[in-house]
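Student: Could you go through this model with me? I would like to start with the ligand and then move on to the fold.

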Amino acid sequence: EPAAIIAPSILAADFARLADEVHAIEGAADWVHVDVMDNHFVPNLTIGLPVVQSLRKATSIPFDVHLMIADPERWAPGYAEAGAYNVTFHAEACDDPVALARTLRAAGAKAGLAIDRDTPVEPYLELLPYVDTVLIMTIKAGFGGQKFLPEMLAKVRDVRRRITAKELEVRLEVDGGIAADTIEQAAEAGADAFVAGTAVYGAHDPAEAIRRLRALALS
Ligand code: DX5
Ligand code: ZN
């Protein structure tokens, strides 16, 4: 895997042309980030399993599925079975994150644990050996186009410190307000995977926007 993962979020794409929008980032992006919302865990509704199943057939880029849903135990395995590369569920929505991570791995996916804005990371640091990805929200989960919250970087530093101390192979992903003017601070804090919705799909040339973000993340 590359040193820095860039994962454009299709939440900022044209949902009527999803396959074309994914094709526009193929070759430039590492993963495509798929935001699943249920109007319950977050006050917004996006797409679900049928769309992911159909889109999976239209591209070979790895899917980074971000489940902002209640009851992830019920739904997460289906995304792994649909061919998602990484399935991330929220700590706040899950009673037994280690068990769900084990289920996802058994279904052939990597398992991710997401931490929303108002959730501290300390209680979850001991779970790091059991997951493949930790996603730190740098906004409040629910909507694209929000302003990056630099105070979330303390959490990124805490998780990075633990990954390093325990020599774990865990991807540390940030999500929310990541753009050319924020990605360097996130990388400096220790993130090595970067979700970007507006900064990629709001750009005239999404592939060029990805190359620029990658260069800044590695600088
Ligand atoms: C919001 C989603 C994000 C969103 C990011 O809850 O998890 O992935 O698409 O959008 P931007 O990059 O515009 O902040
Ligand atoms: Zn997301």
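Tutor: What follows is a short talk about the ligand, the sheet and some single residues.

Student: Before that, what kind of model is it, and how are things numbered?

Tutor: This is a predicted model, in which local features need pLDDT of at least 70 and side-chain atom pairs count only at pLDDT 80 or more, while totals for chains, interfaces and linings use all residues. Residues are numbered from 1 along each chain as its sequence is written, and chains are lettered from A and ligands numbered from 1 in the order in which they are written.

Student: Ok, how many residues surround ligand 1?

Tutor: Ligand 1 is surrounded by 23 residues, and the closest are Ser9, Leu11, Gly144, Gly197 and Thr198; a residue is near a molecule if its C-beta atom, placed from the backbone, lies within 6 Å of it.

Student: And which elements give two or more residues to that shell?

Tutor: They are strand S2 (32-37), strand S3 (63-68), strand S8 (193-196) and helix H7 (198-201), where helices (H or I, at least four residues) and strands (E, at least two) are DSSP runs numbered from the N terminus.

Student: What about the classes of the residues in the shell?

Tutor: The shell around ligand 1 has 10 nonpolar, 11 polar and 2 charged residues. Here Ala, Val, Leu, Ile, Met, Phe, Trp, Tyr, Cys and Pro count as nonpolar, Asp, Glu, Lys and Arg as charged, and the others, Gly among them, as polar.

Student: Where does UniProt place the feature "binding site"?

Tutor: The unreviewed UniProt entry places it at several residues, including Ser9, His66, Gly144, Asp175, Gly197 and Thr198; such positions are given in the numbering used here, feature names are shortened, and annotations may be inferred rather than shown by experiment.

Student: Take Gly197, then: buried or exposed?

Tutor: Gly197 counts as buried because it has 25 C-beta neighbours inside 10 Å. A residue is buried if 20 or more other C-beta atoms lie within 10 Å of its own, exposed if 12 or fewer, and partly exposed in between, with C-beta atoms placed from the backbone. Gly197 is in the loop between S8 and H7, and, leaving aside its neighbours within four places in sequence, it is in contact with Pro8, Ser9, Leu11, Ala12 and Gly144; two residues are in contact if their C-beta atoms, placed from the backbone, lie within 7 Å.

Student: And where does Thr198 lie?

Tutor: Thr198 lies in helix H7 and is partly exposed, with 18 other C-beta atoms within 10 Å. Beyond its neighbours within four places in sequence, Thr198 is in contact with Ala12, Gly144 and Gly145.

Student: Switching to the fold, what order do the strands of the sheet have?

Tutor: The open sheet of 8 strands has the order S1-S8-S7-S6-S5-S4-S3-S2, with parallel pairing, and two strands pair if DSSP finds at least two bridges between them. Its edge strands are strand S1 (5-8) and S2, each of which pairs on one side only. Neighbouring strands of this sheet are turned by 20° against each other on average, with direction ignored; axes are lines fitted to C-alpha atoms, for helices over the stretch in contact, and angles run from 0 to 180 degrees between N-to-C directions.

Student: Which helix packs on the sheet?

Tutor: Helix H3 (residues 72-81) packs on the sheet, where it touches S3 and strand S4 (86-90), and its direction makes about 170° with that of S4.

Student: Where does UniProt put the feature "active site"?

Tutor: The unreviewed entry places it at Asp35 and Asp175. They span 141 residues in sequence, yet no two of their C-alpha atoms are more than 10.6 Å apart, so they gather at one spot.

Student: What surrounds Asp35?

Tutor: Not counting residues up to four places away in sequence, Asp35 touches Ser9, Leu11, Thr46, His66 and Met68. Asp35 is found in strand S2 and counts as buried, with 24 C-beta neighbours inside 10 Å.

Student: And Asp175, which strand is that in?

Tutor: Asp175 lies in strand S7, and it counts as buried because it has 28 C-beta neighbours inside 10 Å. Leaving aside its neighbours within four places in sequence, Asp175 is in contact with His66, Leu135, Met137, Thr138 and Val195.
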